[in-house]
Amino acid sequence: MRQGLPLLLICVLWACVTNTIAAQEYTLSFKILNDLTNKPIENVQISLRPCSCGGVTDVDGEFELKLQQDTYTAAISYIGFRTLETEIFLNENKTLQLRLREEQQQLSEIVLNAKRISERLETAQMGALKLAPAELKKMPAVLGEVDVLRSMTLLPGINNAGEVSNGLSVRGGSLDQNLLLYDYAPVFNPTHLFGLFSVFTPEALGSIDLYRANIPARYGGRTTSVLDVKVRNPYVDKLKLSGGIGLVSSRLSLETPIIKDKLFLYAGTRAGFTDFLLPIFSKRLKNTKARFYDHTIKLLYLPTDKDQISFTNFYSTDFYQLDLIAKIENVNAESNQYDFKTFNNTLQWTHSFKDDSSLRTVFLLSKYTPKTLFPEKDRDNVIEYESQINFASIFSEYGKKVNENLNYYAGIQGNQYRIKPGKLDPGTSEGILPVALDEETSYEVSAYTNFTWKPFEPLTLSGGLRFTNFTFVGPYTAATFNESTGEITNVTEFDQGEKVKSYNALEPRLGLNLKLGQNTSLKASYARLNQYLQNIYNATTPLPTSRWKTSDANIAPQTSDSYSIGLYRNILDNSIELGIETYYRNSENNLTYKPGADFFLEEFVERDLVQAKGKAYGVEFSLTKPKGKINGWVNYTWARSFLKTESERLADRVNNNEWYPSDFDRPHVFNSTINLEGSKYNTLSFNFTAQTGRPYTTANGYFDLEGIDVPIFLERNNVRLKTYHRLDLSWKVNYSKKLNRRWAGDWTFTIYNVYARKNQYNIFYTQRSGDANANIFRGSPLGSYELTIMNSPIFSLTYNFVFD
């Protein structure tokens, strides 16, 4: 009896301890983020086995529950994203931060588009266009290469200078009035192959945001728009390869973890060699050569669950040769060779705090070197002309989400500009002297803040303020000019670091969104912006010989005041989005060239410049259908853009100081994109664009100068080219059979300019001899001829693949 009692007590105690351990509960917490944007995802479904329990995440992407000690399998799923499964041994309180990857299927694109529609109605941000990489890849472009800039020109209010152009014109602004960022670093020449491709490789893209109205206060330095392109974050758990092989360009991208859950790598490269193709497209291109190359490398390091450090390197180079279109006095050359190089680096550190706040610090360097080469005829010598922009910047920004109705950020930024305006190296040529213009240095210091506030349910406000101090310093030689004659009256030398000129500016930004029911919103916005760096050129699009120039004592900063109002409505169960926006922009100190200007190696370039007033206004209509087997959009824009000089000297006046259309004045623009997704294996896409022809200058008369008939130009942009229109086609065929479970590929066949429209690029004049074309030109001593670039259909076939 006594011997059995201890045994009984031991069994009872063992059972109590075992039951106590078995009943021990721990808290299991989840935080779910989008691996592309690093933002929390709401309503993610979390299911756990073997307890058959779970739930959904809240607005902060968080969910928690209490469970007994055990081993669980969690399945995390959300429509449009890949389902994630993970095994958890729960023996203590645990918090898991997991990232979901977007599913690369059409369903994901529809979901993302639907979410974008909702955001457009809710946010106070106006004039913003967000383009997901999945949408971009469905759009046909020239020579089979999907492209950011080409796709942007199919959206309302966005154009370029023509078939061959190296930038964007947004709401009537010039090409250099747009700030183009690639992982925070500015890109000064964003195109390859005469402007047919952008430098942004498709596989590298993470997000694309274009701001046209109340531009957020974190952006400064341009007066019209901001295109912010981010490189994707390589959140992967295994090696992934993707790319494409095409007639014009081929590309390859790699994503891989280096240290599991800590260090990740993205590396992408692209190269194009088109010498053999260009003569096929146009006889005028028979002597043309072109090739390009770019690469993007991004390292992402996650030292803790609160810190993210990334480094991005971008390199781009172009080389092409054209028949002589620019020349130097005493140079005997038959062609121009152009060599562009861009070299950018971005280092970013983001730290998240526990109180829904974060601190981001970014240091970046951007270097752009355009070079023009003149191979001398019958000689083994090349004359080189080179210029350069060196841009360095550091900024730090603190952001906080106070509550569901209020968030804000504030930051400081410092920029340095070092510009080498031009250097001429004649090589072994004896008839040309070397020239090197002095380097120009300037600094820009800014402080800014921005908030979004929802004071009550129907109303959301967005406001910002940016203060900027810009200082131009020596060494520099400054000239003073006689206002009546334009002659130099005095020259002042400034020493190293000595202040030449300084400007201060305040830039307020304001946005308002008033919800008028569940599916309608009314928005209004205002923004003031200043621009201290500009590109100077006297053609419709900048050449490598164009000049980059910051503001100084003679060139004041450009300024603009933009006003916008818009109405947006979703109809038919949110399947159709309607929008109408109207805008007006008043600008000062727009740079344009004086009659007869020549900027090449000009020491005092300001003597050939005049600063003009500007005004641009318009109305943009858009209709978007993001869902269904037939989806796409249609938009129409009516817009005007004008400039006006106020020069006292008659020789400096443009159009006699009267308002005249700018190079980017397009009164009527119509764009349409339709995607036909009949099956999961085939997608047909059509793009159609039509717009009023670009303004150009025609001669008002001519006079005889020693037997040569010289045209007289009294008005600028006084006539227009013919109406521009074009249809493009893309046919994408997905594999019905895969080589293995990890390999997927598709073929993309594109036709650019389907019906061979001969769109005019320019009109030029030549001296007539004899009676050639007398029935057309009659008695005129000058003949005018049109130049077309892409005057036939351009076919391309590209194979794209993903190995995951």
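Predicted model: local features only at pLDDT ≥ 70, side-chain atom pairs only at ≥ 80, totals over all residues.
Residues are numbered from 1 along each chain as its sequence is written. Local features need pLDDT of at least 70, side-chain atom pairs count only at pLDDT 80 or more, totals for chains, interfaces and linings use all residues, and side-chain values use heavy atoms, with hydrogens and water left out.

Colleague: What pLDDT does the protein chain average?

Modeller: pLDDT is the predictor's confidence in each residue, from 0 to 100. At least 70 is reached by 86% of the residues. Residues 1-23 are below 50, with two contacts (heavy atoms within 4.5 Å) beyond near neighbours in sequence. The chain average is 83.

Colleague: Which residues touch the most other members of the largest nonpolar core?

Modeller: A nonpolar core is a set of buried Ala, Val, Leu, Ile, Met, Phe, Trp, Tyr and Cys residues joined through side-chain atoms within 4.5 Å; buried means under 20% relative accessible area (1.4 Å probe, protein chains only). The largest core has 43 residues. Those touching the most other members are F188, L193 and Y320.

Colleague: Is N381 buried or exposed?

Modeller: N381 sits in the loop between β23 (357-375) and β24 (382-403), strands being DSSP runs of E, at least two residues, numbered from the N terminus. Its relative accessible area is 7%. N381 is therefore buried.

Colleague: Which backbone oxygen does the side chain of N381 reach?

Modeller: Not counting residues up to four places away in sequence, N381 touches residues including F374, G427 and S429. The side chain of N381 comes to 3.1 Å from the backbone oxygen of P426.

How values were computed
Buried < 20%, exposed > 50% of the residue type's maximum accessible area, 1.4 Å probe, protein only. Helix = DSSP H or I, 4+ residues; strand = E, 2+ residues; numbered from the N terminus. Polar contact = N/O pair within 3.5 Å; in protein donor to acceptor, adjacent residues only side chain to side chain.
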